[in-house]
Every structure is written in C-alpha cells, then in structure tokens.
Amino acid sequence: MRIGVMGGTFDPIHLGHLVTAEAVRHRFGLQQVVFVPTGRPPHKRGNDVSSAEHRYVMTFLAVLSNPEFGVSRIEIDRLGYSYTFDTMLALGEMYGPDCELYFITGADVMRDIHTWHRAPELLTLCHFVAASRPDYTLCERFRQGGHIHLVEVPAMAISSTDLRRRVRAGEPIRYLVPEAVENYIYEHRLYLNGAR
Ligand code: NAP
C-alpha cells in the first residue's frame, strides 16, 4: 500500500493543493492522500496563522467529496510544535511496515528539509515529493539528495498568501478555493483586516 501525506498550513486550502494531491496520487500510484494541517509550525513561531480548528475544518470541507482524500488531526491534537518527523513516525506505525508513505509539500519549504527536526532520520522514513510552482528551479544540493521527487504543478500559481490578500482587499476568491471553503471564509470573517 502507498499513502500520500499532504503536509501544509492550509491557511486557506485552495485548488492548487487539491490539484497537487491528485497529480501526485496519480503519478506514484497512491491509494489515499491524507491531508495533515499543521498544528503549531516550528518555523512560524510568533507569526500570525489562523486557528488550527479553522484550518482543519476548511481542509475537511475541501476533501469531503473525494473518497481517495482524507484529513488527519494528528498534528492539531499533538501538544507542542508540529515536527514532520513525529508525524511520519506515528503514521508509519499506524499503517504498518507494508505501507510506503509519501510526504508531499511545497518545494520552497522542502528545500530546507536538511534543517528540519531529526532530518537524517526523517529522510529514511518515507519518500518526499516537492510540489513546485511553474518555472521553479531546484538548487543542486536538493537534487543530490536523491530522496526527493519534484512535481511541477501549474495550478500552484494559486497561493494562500495571495488568497488572504484578496479577501482583505475585497477581491474575488471564487474558483480559486472550493465553494464550501469560500463560504466558510466569509461566514467566519477570516483574513479581514489581519483578523484570523
Ligand atoms: P509554508 O511556509 O506555509 O509554505 C511554503 C510554500 O510551500 C508556500 O509556497 C506554500 O504555498 C507551499 N505549500 C505548503 N504546503 C503545500 C502543499 N501541501 N502542497 C503544495 N504546496 C504547499 O509551509 P508550511 O505549510 O508551514 O510547511 C509545509 C509542511 O512542511 C508542513 O507539513 C510542515 O509541518 C512541514 N515542515 C516541517 C518542519 C519540521 O519538521 N521541522 C519544518 C518546516 C516545514 P501555499 O501558501 O499556497 O500553501
């Protein structure tokens, strides 16, 4: 069995994330992709991130209609900072030794994977798939690792940062996020005037 683990802040989740998960699922023959919203990202201490519950619910709404996608609270419910090492170790134990795990996230953040918590051990736990925006070039060090697959996803031209800016500026986000996520953002007045 092969399972994808889609790690991200998802603030908010958007169609670029969903297209990425589907492209990786197809390319690597994954049976399931589990989205794992971060609980307390270690590299964002002090930064303004929406509550874990808002990000979890938006992710849940976004994947609800696809039986090959799921969402996990593993990082949200764990105390302390969200380290990918802890997550992949726990998921590896949960799915068992016959399961191959593929950790999927953005190429910008995965570029620094050698600085992550327990990086040498993490690199032995699973495969890594870095999703890049169009025209992204990988640095040499990244290529040399050999553990990390790069998948270019044109739909990742959409970005959560731009979506938050759009909401603040009163610009449309329709067709950039699933309709249920759009409704949730407006209903809960997320991203307005910096309010979360
Ligand atoms: P981020 O800094 O919010 O995002 C970095 C870039 O990657 C952004 O361009 C972002 O686009 C993109 N991105 C994020 N998640 C993506 C995904 N699943 N698919 C495609 N593109 C994605 O990154 P983050 O969300 O905090 O971290 C990403 C993952 O790496 C999380 O699971 C996090 O826990 C893990 N991580 C672990 C450690 C550690 O263990 N020490 C350190 C850093 C990151 P959008 O803004 O549009 O999403």
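Thr59 touches Phe10, Ile13, Phe35, Pro37 and Val71, leaving out residues up to four places away in sequence (a contact means heavy atoms within 4.5 Å). This is a predicted model, where local features need pLDDT of at least 70, side-chain atom pairs count only at pLDDT 80 or more, and totals for chains, interfaces and linings use all residues. Residues are numbered from 1 along each chain as its sequence is written, and side-chain values use heavy atoms, with hydrogens and water left out.

- Thr59 sits in helix α2, residues 52–63 (helices are DSSP runs of H or I with at least four residues, strands are runs of E with at least two, and both are numbered from the N terminus).
- Thr59 counts as buried because its relative accessible area is 0% (buried means under 20%, exposed over 50%, partly exposed in between, with a 1.4 Å probe and protein chains only).
- Thr20 belongs to helix α1, residues 15–28, and is buried too, at 2% relative accessibility.
- Setting aside residues up to four places away in sequence, Thr20 touches Met6, Ile104, Ala131, Val153 and Met156.

**Around the ligand**

- The ligand is surrounded by 26 residues, and the closest are Thr9, His17, His43, Lys44 and Arg133 (the cut-off is a residue heavy atom within 4 Å).
- His14 puts a polar side-chain atom 2.8 Å from an oxygen of the ligand.
- For Gly8, a backbone N or O atom lies 3.4 Å from a ligand oxygen.
- On its own the ligand exposes 860 Å², and the protein buries 90% of that (areas by the Shrake-Rupley method, 1.4 Å probe).
- β4 gives the most to the shell around the ligand, with four residues.

- Most residues other than glycine have a negative phi, and most peptide bonds are trans.
- The peptide bond from Asp11 to Pro12 is cis, with omega near 5°, and Pro12 is in the loop between β1 and α1.
- Phe10 is in the loop between β1 and α1, has a positive phi near 50°, and is buried at 3% relative accessibility.
- Tyr175 has a positive phi near 75° and lies in the loop between α7 (160–169) and α8 (179–187).
- At 65% relative accessibility, Tyr175 counts as exposed.

How values were computed:
Polar contact = N/O pair within 3.5 Å; in protein donor to acceptor, adjacent residues only side chain to side chain.
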